[in-house]
Amino acid sequence: MNPQQLNFLSNSIEFLKQDLGRDEQILFLENCLKRLQETESLKRSELPELAALGNARDPKTHDKWLTKLCDLLQQNQQRLWEKHGEDLQRFPMLVRRCSEGGAGNETYFELEPIDPSTEPTIQNLNSNQNNNPQLTAIKYEAVRLKRTPWYLKLCNPLFESRRTRVWLLACLLISFWITPLVISAWLVSVQLYGHLLYPTFLWATITLSYCLVWRPIKNLLAVALRKVTLLEHVMSPYGSICISEVKKTNQCIDSKYVKRELTSFDLTANCPICHRTHKITKSISLEKQSLFNSRLIGVCVNNPLEHRFSFDKDTMEGCKIN
Ligand SMILES: [Zn+2]
């Protein structure tokens with residue numbers, strides 16, 4: 001592995017950090033990359049010696065950690081290539097292989113440079129437009145992968161096919177309407193009406209219900225119906241979203257049989273106007289268009305009223321909204 005490939009994979013680990021796991025796993029993966037810089041392949045039996053000292057693990061665990069990195073590189077290939085691939089000609093894909101035939105076969109990991117997927121980029125789009133495209137088109141950039149909330153992860157298998165999605169939708173709609181009735185019935189049963197504590201108790205119940213029931217249901221409904229939802233996070237400076245992505249296949253497929261998977265990440269973009277005028281970067285954050293319109297749009301923090309852009313989850317591009 002050459003230094004550029006090592007740099008690319010180290011940056012990819014940083015990007016995928018939240019989904020890869022704890023510090024111990026990250027340290028182990030970084031050690032694996034360093035070893036791959038010296039040798040062509042990494043055998044499964046060599047993995048335990050690359051783990052952090054003092055943490056004895058089952059050999060299967062190390063195999064699982066490195067396999068997860070291979071899977072995430074595969075899934076996020078295009079995003080990673082756009083973000084860190086400028087110094088490379090080919091994507092340095094890490095692959096898990098099993099040697100065939102004979103006794104003493106072993107699983108091993110090696111680097112396999114592949115041609116990056118070539119989707120249309122914003123530069124290509126701009127070259128086809130004459131109407132000052134530098135100020136009207138933007139390209140969103142995934143900053144880092146996020147941990148998908150537990151309730152979305154739990155329902156992930158149900159998002160895969162159309163039939164299971166319809167079942168999930170029916171259950172969610174029923175829960176959405178039944179929850180307030182259950183809470184009201186419960187409040188009546190504990191007989192707190194007229195009691196001094198009632199307002200506090202009611203407030204606490206409604207807040208708890210919102211966090212534990214309504215918000216997850218709203219997000220699940222949004223992913224099932226609109227295939228994208230905003231994961232509001234107070235601590236994050238960027239817009240966090242969860243997308244129901246189409247699983248990639250090499251053949252044409254009827255939309256009825258399309259399989260999907262959920263991916264969450266932080267997203268940002270350069271506002272072309274503020275970038276040109278003030279050299280401000282990464283000023284676009286995703287928001288709902290308004291309280292009554294749940295369409296997601298990119299809003300510039302420097303000029304939230306005028307610098308607003310559409311957001312297309314499939315092309316990761318947008319145009320200025322007038
Ligand atoms: Zn701006």
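**Strands, helices and a few loops**

Start with strand E2 and strand E3 (residues 107-114): 8 bridges join the two, and they run antiparallel. Before going on, a word on the source. This is a predicted model, so local features need pLDDT of at least 70, side-chain atom pairs count only at pLDDT 80 or more, and totals for chains, interfaces and linings use all residues. Residues are numbered from 1 along each chain as its sequence is written.

Two terms, quickly. Helices (H or I, at least four residues) and strands (E, at least two) are DSSP runs, numbered from the N terminus. Two strands pair if DSSP finds at least two bridges between them.

Back to the E2 and E3 pair. Arg96 stands opposite Phe109 in E3. What order do the 3 strands of this open sheet take? The order is E1-E3-E2, with antiparallel pairing. Strand E1 (41-43) and strand E2 (91-98) are the edge strands, and each pairs on one side only. From one strand to the next, the twist averages 25°. For that angle and those to come, axes are lines fitted to C-alpha atoms, for helices over the stretch in contact, and angles run from 0 to 180 degrees between N-to-C directions.

Now the other open sheet on my list. Its 3 strands run in the order E9-E10-E11, and the pairing is again antiparallel. Strand E9 (284-290) and strand E11 (308-310) have a single partner strand each, so one side of each lacks a neighbour in the sheet. Here the twist averages 45° from strand to strand. E9 and strand E10 (residues 293-300) are joined by 6 bridges. These two form a hairpin, with 2 residues between them.

On to helix packing. Two packed helices are described by the angle between their axes and the distance between the axes. Take helix H2 (residues 23-38) and helix H3 (residues 59-75). Their axes come within 10 Å and cross at roughly 75°. H2 and H3 are therefore roughly perpendicular to each other. The cut-offs: angles under 35 degrees count as roughly parallel, over 145 as roughly antiparallel, 65 to 115 as roughly perpendicular, and the rest as oblique.

Which residues of H2 meet H3? Gln25, Phe28, Leu29 and Cys32 do, and in H3 they meet His62, Trp65, Leu66 and Leu69. Contact here means that the C-beta atoms of two residues, placed from the backbone, lie within 7 Å. Ala, Val, Leu, Ile, Met, Phe, Trp, Tyr, Cys and Pro count as nonpolar, Asp, Glu, Lys and Arg as charged, and the others, Gly among them, as polar.

Next pair. The axes of helix H6 (residues 150-159) and helix H7 (residues 162-189) come within 7 Å and cross at roughly 130°. That makes H6 oblique to H7. From H6, Cys155, Leu158 and Phe159 meet Thr164, Arg165, Trp167 and Leu168 of H7. This contact has 5 nonpolar, 1 polar and 1 charged residues.

The rule: 20 or more other C-beta atoms within 10 Å is buried, 12 or fewer is exposed, and in between is partly exposed, with C-beta atoms placed from the backbone. Ile273 and Cys300 are 27 residues apart in sequence and 9.5 Å apart in space, C-alpha to C-alpha.

Lys227 sits in the loop between helix H8 (198-226) and strand E6 (228-230). Its phi is positive, about 70°, although Lys227 is not a glycine. With 17 C-beta neighbours inside 10 Å, Lys227 counts as partly exposed. Lys279 lies in the loop between H9 and E9, and its phi is also positive, near 60°. Lys279 counts as exposed, with 8 C-beta neighbours inside 10 Å.

Last, confidence. pLDDT is the predictor's confidence in each residue, from 0 to 100. The chain mean is 80, and 87% of residues reach 70 or more. Treat one stretch separately: over residues 120-130, pLDDT stays under 50.
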